[in-house]
Amino acid sequence: MPFYNDFKMSLGQVGVSGTVKNLLPELPSNVTMRMKSGNMDGVCGYAGYCTTASGELLSFAVLCNEYDCTGAQMKSKITRILYEIAKM
């Protein structure tokens, strides 16, 4: 797709840029994650692409709403999911 690379490069890169720069400080150096984050009252989400340690390109979306914990607690839970995606 001719527009894919431009779109991918517009997303923040974990460890490098955007609102996700400091999201996953223990992400292995051979894993690349680019994503968009979003949140508002009672809603939290991340969506993007991950090039895993094995070189596989994955797309992902993790969206949560109406959760019964704090926003910080939900972010922590989603962070654990994102680390698992990176391990695939």
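Predicted model: local features only at pLDDT ≥ 70, side-chain atom pairs only at ≥ 80, totals over all residues.
The largest nonpolar core holds 20 residues. Met 33, Met 35, Tyr 46, Leu 82 and Ile 85 touch the most other members. The largest share, 5 residues, comes from H2. In soluble globular proteins, nonpolar side chains tend to be buried together.

Helix H2 has 17 residues, which should span 24 Å at 1.5 Å a residue. Its end C-alpha atoms lie 25 Å apart, in agreement with that value. The buried residues of H2 are Met 74, Ile 78, Thr 79, Leu 82, Ile 85 and Ala 86. Viewed down the helix axis, these buried residues fall within an arc of 145°, so they line one face of H2. Strands E2, E3 and E4 are among the elements that cover them. Arg 80 and Lys 87, on the other side of H2, are exposed.

Leu 82 illustrates the packing. Beyond residues up to four places away in sequence, Leu 82 touches Leu 23, Leu 24, Met 33, Met 35, Tyr 46, Phe 60 and Val 62.

A search of the whole structure finds 1 salt bridge. It joins the side chains of Glu 84 and Lys 87, at 3.1 Å from N to O. Both residues lie in H2, 3 residues apart, or about one turn of the helix. Glu 84 is partly exposed, with a relative accessible area of 46%. Lys 87 is exposed, at 62%. Side chains of opposite charge can pair when their charged atoms come close.

Notes:
Residues numbered from 1 in each chain as written. Heavy atoms only, no water. Core = buried A, V, L, I, M, F, W, Y, C linked by side-chain atoms within 4.5 Å. Buried < 20%, exposed > 50% of the residue type's maximum accessible area, 1.4 Å probe, protein only. Helix = DSSP H or I, 4+ residues; strand = E, 2+ residues; numbered from the N terminus. Contact = heavy atoms within 4.5 Å. Salt bridge = Lys/Arg side-chain N within 4 Å of Asp/Glu carboxyl O. Expected span 1.5 Å × (residues − 1). Arc of directions from axis to C-beta.
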